[in-house]
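User: I am new to reading protein models. Can you walk me through this one, feature by feature?

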Amino acid sequence: MGLCLTGSPGDVADMVLLTEDDCNVQHIATRFLQDAVCYNEIRNMHGYTGKFHNKEITVQGTGVGPVSAAMYAAEIAGEFGTKCFVKLEGCTAIDPRLKPGDWLLAQTAHTTSRINRLRFGGRTFPAAADFELLNKAWERARKQGQRVWVGPVLSLESRDELPVVSRFADRGTLGLDMEMNQVYTVAARFGLPALGLLCVFENAVTEETLNALQREEAYNAIARFALELLAE
């Protein structure tokens, strides 16, 4: 047992779906996975392994923020033999071109956090997605007729930093995801392909938003897409 997770390497599949909210973990496990088994419930941040299209897949919560995400991602990668990460979330868009319901593939992840600067002696680290996995998701989404964008996202360390968001948006950043930078950084450390799949729930610029029912439907659609991507 580690700091964040219980279980043994055989309890976690090669393909891991990460998401910040434990409610979404349990929703995916009960709605989409067959024979799902809970291997972790420390701090009520559950992890389940089950089958989707006869492929074993794990869904694990990370909690909110870069520090929590780094801890969970590093432990599951370092101690459980994971081979691939896909991070799945709803997100806020900061580019007016993105509409609620659009999908955003996180090509890179900027951050306001000092974690990587401390780790690399004051230097920056360009945390990025795996190109083959990103391209596969892009082509698959386009074939399905889904409006999909590819570009940078911003991982804020806290919501107090929202005033700086416009500076990143002016330089091409498309959306917000607090954990993506550290998920990509951990994946790079362990040599794992990783991809962030985000569904736009709201746009901070246009103030357009999905209602609760629309968010649930949109989340289910992108969750199924993520599982199909991992099950191939």
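User: How much space lies in the largest pocket?

Analyst: Keep in mind that this is a predicted model. Its largest pocket holds about 480 Å³ of space.

User: Which residues that line the largest pocket are the closest to its centre?

Analyst: The closest to the centre are Glu20, Gly90, Cys91, Arg159 and Phe201. They belong to a lining of 21 residues. Next, look at the elements. Those giving two or more residues to this lining are α1 (22-31), β5 (84-93), β9 (194-203) and α7.

User: What volume does the second largest pocket have?

Analyst: Its volume is about 220 Å³. The lining has 16 residues. Nearest the centre lie His110, Thr111, Thr124, Phe125 and Asn181. Two elements, β6 (103-111) and α3 (115-119), each give two or more residues to this lining. Strand β6 gives the most, with four. By class, eight lining residues are polar, five nonpolar and three charged.

User: Now the inside. Why look for nonpolar side chains there?

Analyst: In soluble globular proteins, nonpolar side chains tend to be buried together. Now the case here. The largest nonpolar core has 68 residues. Those with the most contacts inside this core include Leu17, Ile28, Phe85 and Leu88. Tyr184, Leu195 and Leu197 are also on that list.

User: Which helix gives the most to this core?

Analyst: Helix α7, residues 212-231, with 10 residues.

User: What does Leu195 touch?

Analyst: Leave out residues up to four places away in sequence. Leu195 then touches Phe85, Val86, Lys87, Ala106 and Ala129, among others. Its contacts also include Leu133, Leu134, Ala137, Tyr184 and Leu229.

Conventions. Residues numbered from 1 in each chain as written. Predicted model: local features only at pLDDT ≥ 70, side-chain atom pairs only at ≥ 80, totals over all residues. Heavy atoms only, no water. Core = buried A, V, L, I, M, F, W, Y, C linked by side-chain atoms within 4.5 Å. Buried < 20%, exposed > 50% of the residue type's maximum accessible area, 1.4 Å probe, protein only. Contact = heavy atoms within 4.5 Å. 1 Å grid on protein atoms, 1.4 Å probe; cavity = no way out; pocket = protein on both sides within 12 Å on 5 of 7 lines; lining within 4 Å. Points joined across faces, edges and corners; volume = space filled by probe spheres on them. Nonpolar A, V, L, I, M, F, W, Y, C, P; charged D, E, K, R; others polar.
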